[in-house]
Amino acid sequence: MLEWRLDPTSGYSMSDGPTKDDVVVVVCNEGYSSSLAASDLKRLGFRWAADLVGGFRGYVEAGLPIDEEPTRVVE
């Protein structure tokens, strides 16, 4: 689902989604699924697609800040 929601040529992409020149960082819980998703996005032409090593858990364990409220809601 991620790929066709982000790919501007899919016909099902988000109207305000990223362009293929934007930085796209994919985050999952532990970093495994996001690595595969970032790889797929690179194959689709998203040059700056990346994932968060260690996922959200690694981020929290590193003591980095989190915000309880979303910064952007896509409907």
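Student: Leaving aside its neighbours within four places in sequence, which residues is asparagine 29 in contact with?
Tutor: This is a predicted model, in which local features need pLDDT of at least 70, side-chain atom pairs count only at pLDDT 80 or more, and totals for chains, interfaces and linings use all residues. Numbering starts from 1 along each chain as its sequence is written, and side-chain values use heavy atoms, with hydrogens and water left out. Contact means heavy atoms within 4.5 Å. With neighbours within four places in sequence set aside, the contacts of asparagine 29 are Gly54, Gly55, Phe56 and Arg57.

Student: In what order do the elements of the protein chain run from the N terminus on?
Tutor: Helices (H or I, at least four residues) and strands (E, at least two) are DSSP runs, numbered from the N terminus. The protein chain has 3 helices and 2 strands. From the N terminus on, their order is α-β-α-β-α.

Student: Where is asparagine 29, and what is its relative accessible area?
Tutor: Asparagine 29 sits in the loop between β1 and α2. Buried means under 20% relative accessible area, exposed over 50%, and partly exposed in between, with a 1.4 Å probe and protein chains only. Asparagine 29 is classed as partly exposed because its relative accessible area is 40%.

Student: How far apart in space are asparagine 29 and arginine 47?
Tutor: Along the sequence, asparagine 29 and arginine 47 are 18 residues apart. In space, C-alpha to C-alpha, the separation of asparagine 29 and arginine 47 is 23 Å.

Student: Is aspartate 7 buried or exposed, and why?
Tutor: Aspartate 7 is in the loop between α1 (2–6) and β1 (23–26). Not counting residues up to four places away in sequence, aspartate 7 touches Ser13, Lys20, Leu44 and Phe46. Because its relative accessibility is 10%, aspartate 7 counts as buried.

Student: How far apart in space are aspartate 7 and phenylalanine 46?
Tutor: Phe46 is among the residues that aspartate 7 touches. Aspartate 7 and phenylalanine 46 are 39 residues apart in sequence, yet their C-alpha to C-alpha distance is 8.7 Å.

Student: Which residues make up the largest nonpolar core?
Tutor: In soluble globular proteins, nonpolar side chains tend to be buried together. A nonpolar core is a set of buried Ala, Val, Leu, Ile, Met, Phe, Trp, Tyr and Cys residues joined through side-chain atoms within 4.5 Å. The largest one here has 7 residues: Leu6, Val24, Val26, Ala37, Leu41, Phe46 and Ala49.

Student: Which elements give two or more residues to this core?
Tutor: The largest nonpolar core includes Val24 and Leu41. The elements that contribute two or more residues to this core are β1 and α2 (32–43).

Student: Which residues does valine 24 touch, not counting those up to four places away in sequence?
Tutor: Valine 24 is one of the residues in the largest nonpolar core. Without residues up to four places away in sequence, the list for valine 24 is Leu6, Pro18, Leu41, Phe46, Trp48, Ala49 and Ala50.

Student: Why does serine 34 count as buried?
Tutor: Serine 34 belongs to helix α2. Beyond its neighbours within four places in sequence, serine 34 is in contact with Val26, Val27, Cys28, Asp51 and Leu52. Serine 34 counts as buried because its relative accessibility is 1%.

Student: What kind of aromatic pair do tryptophan 4 and tyrosine 12 form?
Tutor: Rings of Phe, Tyr and Trp (its six-membered ring) pair if their centres lie within 6.5 Å; planes under 30 degrees apart count as stacked, over 60 as edge-to-face and the rest as tilted. The structure holds 1 aromatic pair. For tryptophan 4 and tyrosine 12, the centres are 5.6 Å apart and the planes are at 75°, and the pair is edge-to-face.

Student: What is the relative accessible area of tyrosine 12?
Tutor: Its partner in the pair, tryptophan 4, is partly exposed at 38%. Tyrosine 12 is exposed, and its relative accessible area is 56%.

Student: How far apart in space are alanine 62 and glycine 17?
Tutor: Alanine 62 lies in the segment after α3 (55–61). At 54% relative accessibility, alanine 62 is counted as exposed. Alanine 62 and glycine 17 are 45 residues apart in sequence, and C-alpha to C-alpha their distance is 29 Å.
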